[in-house]
Amino acid sequence: MPGLDPNVAVHKSPVSEGVKPIKQPQRSFRPGLMIQINAKVDKLIKANFIREVQYPTWLANIVPIRKKSGQLRICVDFRDLNNAYPKDDFPLPITELLVDANAGFGALFVIDGFSRYNQIKMDPNDEELTTFWTPQGIYYYTVMPFGLKNAEATCQRAMTIIFHDFLHNLVECYVDDLVVKTKNRGNYTHDLRKVF
């Protein structure tokens, strides 16, 4: 995944002036869970989504969560960081209006974006704010991680820029979920090609 061009969108975490950085104390995990966590961390390193860091100013804990599928998701407790900067008020679509906007079309195609957050780069000046503990070291994200305040607004802004010419005509979008709509079923391949 090459990621989204930073000229389209980057995620910023503009920490308010005078806010003192917080380092959360390291949590411990049972040995079996540490093996799974390390495997997830290795996967993030290999994908170039995280980098090791020394002497961080902010430091958060990881929170391992089991998905319904039984797989492990590694989340980061960004509550302290999220409290340190303002909310981005970029408007998210109203879901009821999105549903109404799809009425009367001959065919609808639902597309769910893959690893949406990891497609958007962190602003290089803010990367080290995302620093977190792991059993094998301390890392920060180079891409927008799940759990950061304003991540949905950043995604919606990016999608609005990308699909500007198609929105409310050929495409409806909510963060990373797209509905491609076509009036005439016979034209669906043409319309899908335009979107892709």
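**Cavity lining, sheet and hairpin in the predicted model**

The residues that line the largest cavity divide into 7 nonpolar, 2 polar and 3 charged. This description, like those that follow, refers to a predicted model. The lining is made up of Ile22, Gln24, Trp58, Leu59, Ala60, Asp77, Phe78, Arg79, Asp80, Leu81, Leu129 and Thr131, and the volume that these residues surround is about 60 Å³. Rolling a probe the size of a water molecule over the atoms shows where empty space is left.

At the level of the whole protein chain, the secondary structure comprises 5 helices and 10 strands, and the C-alpha trace spans about 55 × 40 × 30 Å along its principal axes. Of the 196 residues of the protein chain, 40% count as buried. Among the contacts in the protein chain with a separation of 6 or more, 74% are accounted for by residues 24 or more positions apart.

An open sheet is formed by 3 strands, arranged in the order β5-β10-β9 with antiparallel pairing. From one strand to the next, the twist averages 15°. The antiparallel pairing of β5 with strand β10 (residues 177-182) extends over 6 bridges, and within this pairing Ala107 stands opposite Thr182 in β10. In a regular strand the side chains alternate between the two faces of the sheet. Helix α5 (residues 188-195) lies across β5, β9 and β10, and its direction makes an angle of about 140° with that of β10.

A further antiparallel pairing is found between strand β3 (residues 62-66) and strand β4 (residues 72-76), which are joined by 5 bridges. In this pairing the bridge partner of Ile62 is Val76, a residue of β4. The two strands β3 and β4 belong to a hairpin with 5 residues between the strands, in which Gly70 takes a positive phi near 95°.

Note on methods. Residues numbered from 1 in each chain as written. Predicted model: local features only at pLDDT ≥ 70, side-chain atom pairs only at ≥ 80, totals over all residues. Heavy atoms only, no water. Pairing = 2+ DSSP bridges. Helix = DSSP H or I, 4+ residues; strand = E, 2+ residues; numbered from the N terminus. Axes fitted to C-alpha atoms, helices over the stretch in contact; angles between N-to-C directions. Contact = heavy atoms within 4.5 Å. 1 Å grid on protein atoms, 1.4 Å probe; cavity = no way out; pocket = protein on both sides within 12 Å on 5 of 7 lines; lining within 4 Å. Points joined across faces, edges and corners; volume = space filled by probe spheres on them. Nonpolar A, V, L, I, M, F, W, Y, C, P; charged D, E, K, R; others polar. Buried < 20%, exposed > 50% of the residue type's maximum accessible area, 1.4 Å probe, protein only.
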